[in-house]
Amino acid sequence: MMNIQPIAAVPVRTAGALHQNRVFLDFFWDLAKPDQDIRLRAVENLLKYLKDNNEEDELEYTLKKLVDGLAHTREAARPGFSLALGQLLTAFEDITLQNILDRIREKHNVQTATKKFVRNAAFGSLFGVLALHQSGRLFKEPPVVLGSVQLLQNLTQQRQHLKDLPNKTMMDILAEVPKKVFEEVLLSALQADMASAFQTPEQLQLLLVALERFPQTLQPKKVKKLLGSSKIINDDNIGQLTHLLKMAARSAKKECALPPLALDLLKLSLREDSFQLFWNKAVVEGMLKEHWGPTHFVSFRLLGSALPLLSVYQLREVLSGEVMKQYGDHVVSAQKQDHFKLAPEMDTYVSNFLAGCQDTEKQLAVMVGFTSLVNQGYPVVPSVWRVVQHLQPAALRNYVAWLRSTFLRPRVDELLNFTSHKQMERKEELKEPPQFRLRKWIVARLVSIVDNNHVKKDEQLIMDIARFVFFHTFFSVKKACANIPETEEKLHIPLDGKTRALMVTSFFGLLLSVHNLPLADESVAPQKRPTGVTSDGSLWLERLVQYAQDLLDKPALVRPVHTLSEEQRQAWDSMLESVACLKKKGGKGHSAENAAFRQLFLLIGMHLFKAPDELVDIMKDLQRCVDEAQEKTAKKNREKAGKRGEAEPQWVEVMVDILLSLLSQPSRHIRQVCKSVFASICPHVNAAALTAILDALEPDEDAEGDGPVLVLDDAEAAEKMETENDVEEDMENESDGTSDEEDDDSDGAVEEEVDQNFKAELMKVLQKKNALAAEKDSSEDDLDDDTMMELDKSLSALFSEQQKKVLARKDTVAKMRKKKTLLFDFKIKVLDLVEVFVSRQADNPLVLDLLEPLLSLIERGMALGNEQQGQEFLRRAADIFKNQLCRSKGYCKTAQDRQEELHFLLNKLMTKMQKLSESSVGLYYFSAALYVVKVLRGAPSGESVDGALVSGVAPDLRFMGNVDVEQVAGIFREALGHFMSRRKSPLTTQMFTDLFARFPVLCVKLLNATVQHIASGIREHQQGQACVLLLRAMQNRDVQKLMSGVPWLHLCTKVVAQLTAAFKLQGQMENKALQEKTVKALELCRLLVKLIQLQKLSVDLEALKSALQLLPEVFAFKKTGKLEDTYWTVMRHFGVTKPTMEKIKPGKDGGQQPPQRPAKKQKGFLPESKKKKKRPQPVLEPAADTSSAPMTDNARVKKGQGKTNNKKKSKRKADGTPASQPSPAKKSKMQNDKSVKKKKKNKQTKD
């Protein structure tokens, strides 16, 4: 091993060589940078540089700089130098670690360092040991290991600077040191620390790490010799261990983490078979007895960390003890947002345990333990708990069985039930028994297991849960039956109404979860996966309906909660027959349609148990529609209707009415099924059915009984209404009785009227009891006691009546808001049907009937307020209209029989658009107009039916199909005139730009009118927009092809004439609008001149050139700017370049001087009028006779007027002329000053 020292034998290069190498020195600068990536790159580059050069003086310099940098003042620099030193020692094994350790001790000696640098020296020593440890060579040199540990032991005294970092470093070294090195070197060095293990938590943890690493060395005899007992955790030491554990908990308060000492003691207790003693004495009776604080949180974290280490028996004991109760108290009490919550950490502990544990018994014990922690019957853990997804299938099956048995026998006393300290302080009383609270949570947990797709569950378990919830929701047990497992055990406590209503909602939520379950076969694409289907192809709903049929067929064993009437039972039986019939016909064709009808039948059948009276008629209508949907039956019915002359509604119209009535119920499952059913019957939808859908979007609020009935008794609606009620109450309390912004003016008038009535009633009561007269009389004639009592009773009755009226008024307003909310929800659901029809039947002529209704919806939606649901409805309607209807690739291409109707519709749309006030709504009207033109045109010759271009076929540019070009061009020409002649118009330039791009034929028809508007526009803005439209039109290649030849020449000539007239301006112009118009005209002129020159058209441009040359006289051109740059770009086409400004240098012989700018006024100086004027100085005598002048100057200096001020004032006179030569008086003053200085020097030399 080579010991590198600065010896003279090695030829050392001069220091100048190092200074010259800036690349080498920059490495050390980068090591101190705060960016970690820069530091790592610097370490890598430094090692590569040293290996490539292999110079000893550079290596020596590097060692010196790295050792010095360990004590850098920057916190980010120390790890960089430490890492570099460690990597350097790894790369250059010739450098001895003892040498580096000696350098660290010498450079960073805490004992010899001054008070100012003690902190830096301590950190330098610590990071030096870390560098030795990171080198990977520390354990190859045992003396260096001993020296490093001794250095760390000395650094433990610097706790105010290093805290517990030295102890952690020692434990890291101890965790990796070989057994031989420990026994030979470290055991004797650490013996004192291990003997005093019960003094500090750090020393105890050091002993615990040594015991865990070297159990053969530290045998019980050795431990007894050190501590006096062979076991560390015993009855004698438990008090000291508890004290140290509390100290460690308080020290880790800011870190919010579990101290390593606590986990090491737990592991030691398991090895020494003293876990019971440690947990009961140290944790339960020690840590939890402290005031609420860090000791409690450490106990909770210790509980979570102990889960993987304990046996099943220990898990059950710990999870049913006092620590769990205290944890539940914390979870219940820390519900406010600003409180610290440990529940997320506990969830992480449980999740990690379940993910890493394969023992189903342990998993079940943990799940049952946390579920059994209930606060007055309601479990502390949430019903939707993501840790369930880590359960093994066997453990999940046993956990579900435990939940079911607990639901049947809710024995809250057998669970870990508690009441929080805040609840005891408030003395809160439960509104319902704890058994009912527990059952609600269990049902929610069962549904969440099915809803979570990450839970490892099979279809049998899903079906068992669904059957269990369905049975106890709608049935009760009469007699046990082996074929029906749900009847084997009865409910020990009957269900109450609230719990059963919640179970109804939970069951239909379970149906939605089952409907959206993914298939186990991952080979099927997500878009093509059928919904609501099991692995064998059968429907989940069909299995549940069959189970319900089995229950209904056994009235002796089970009893329905609501017995079905004869009519309802007939509807149920006919539903089963229809489903069976559809299932048979599914293989012959229309399988998607039949599957959708089957799902709808089954879903309505399940809803018969919830609301049988409402759905019986719907079931009958649905059955009739399905029968008529079959081809043979439909033909027969049409023949019968034709013979009778009756106009019965077709089956698709009835089906649409059924779907709309079902959508009125707030159920996502019904919404999805209705959407799929409507998608299957879209090809059969007629005008009447589509009209029914549009009428549902605009229900007549005045007509009672018409339209769908909104259902208010669903749980989703109830929760939404409760939330809105709370918000409304808060708003009403904060507003202090003021009316809401959304209320009409009539509401405020009613309130004022009510207040006036209340005042009148109050005056009547007071006058009746002569209270007003008593107030006017003297105080001696007071009312007697009986009269006062009667007056109090009358006033109390009056005020209570008024309070009832106010509450009734608030309830009315709340009901109106609820109705409005449900109405918007229903409309959004109806928009689903419109979206399906537009996307599936884009080429259907009935799509044209949607234009005006959707436009009216959007127009009214723009007038709505900022309500969230109103804005969502408007967004959906606008998206369907613009993106899926107007911009769809598919459209109706067969509209020959509706030409007049479509032309009339186009004229109507453009006429309505011109009457609008905002362009945001006008944009949708113009899009509708373009869509109508596209439908009239049809598919061009070069375009296929689906909208794609046919290869090898050039599209005919003049093809316009059934469009009456002259009539349509006249409509758009009128709109263009409206845009150019109105100061405020709903039309925009972008609209006509889209028209020109999509229909070049119409663009050609509108070009002449556009050219005229360059001069006839009402304002400069409109004239500039006309230039923009012409620019876009003339850039269009299709337009150039359509107007090739003489028409194109005439167009260019007209545009040149208009531009020439537009550029003939007189006088100096600073109008911003005129400048913007000129810029747009210049852009058009640039394109026009370029096209004329390229195509070599015979157009006279001299007049245009002359007009352009006068523009610099009209506008004050600057050096740069859009107007100037565009102008000179145009003039470049005429061969005129921008003149360059030459700098004129001043001539030597008094030549022409450039005009000087007036000097800027200096900021911070007083103006001349504010300055103090100079007093006229007296005429002084010659210098020989003016002995008093220096005295006056000296006197002024004494008063505070320095010489510098006098010099500044004498430089220039007030009139600005240069200052003259110094006066004789000043000269004499200077001479006298010199003589005085000489006298002082002579006096000093004599002394």
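Helices here are DSSP runs of H or I with at least four residues, strands are runs of E with at least two, and both are numbered from the N terminus. This is a predicted model, in which local features need pLDDT of at least 70 and side-chain atom pairs count only at pLDDT 80 or more, while totals for chains, interfaces and linings use all residues. Residues are numbered from 1 along each chain as its sequence is written, and side-chain values use heavy atoms, with hydrogens and water left out.

Of the 16 residues of α25, 13 are buried, so the helix is largely enclosed by the rest of the structure. Buried means under 20% relative accessible area, exposed means over 50%, and partly exposed is in between, with a 1.4 Å probe and protein chains only. Leaving aside neighbours within four places in sequence, H472 is in contact (heavy atoms within 4.5 Å) with F407, L408, E486, L491, L495, R500 and M503.

S148 sits in helix α8 (residues 142–155) and is buried, with a relative accessible area of 0%. Not counting residues up to four places away in sequence, S148 touches L101, V129, L132 and L138.

Now step back to the whole chain. The chain has 55 helices and five strands, and 45% of its 1247 residues count as buried. Among contacts with a separation of 6 or more, 74% are between residues 24 or more positions apart.

What is the strand order of the open sheet of three strands? The order is β2-β1-β3, with mixed pairing. β2 (378–379) and β3 (416–418) stand at the edges with a single partner strand each, so one side of each has no neighbour in the sheet. Strand β1 (residues 373–375) pairs with β2 in the antiparallel sense over two bridges; pairing requires that DSSP finds at least two bridges between the strands. V374 has P379 in β2 as its bridge partner.

Turning to the cysteines, the structure holds zero disulfides, a disulfide being a pair of cysteine sulfur atoms within 2.5 Å. C1085 is in no disulfide, and the nearest cysteine sulfur, that of C1027, is 9.9 Å away. C1085 is buried at a relative accessible area of 0%.

Salt bridges, by contrast, come to a count of 32. Each is a side-chain nitrogen of Lys or Arg within 4 Å of a carboxyl oxygen of Asp or Glu. One of them joins the side chains of D832 and R671 (2.6 Å, N to O). This pair links distant parts of the chain, with D832 in helix α38 (residues 785–840) and R671 in helix α33 (residues 668–681), 161 residues apart. D832 is buried at 5%, whereas R671 is partly exposed at 27% relative accessibility.

Another salt bridge connects the side chains of K908 and E852 (2.9 Å, N to O). K908 lies in helix α41 (residues 899–914) and E852 in helix α39 (residues 851–862), so the pair ties together parts that are 56 residues apart in sequence. Finally, salt bridges that share partners join R671, D832, E835 and R876 into one network.
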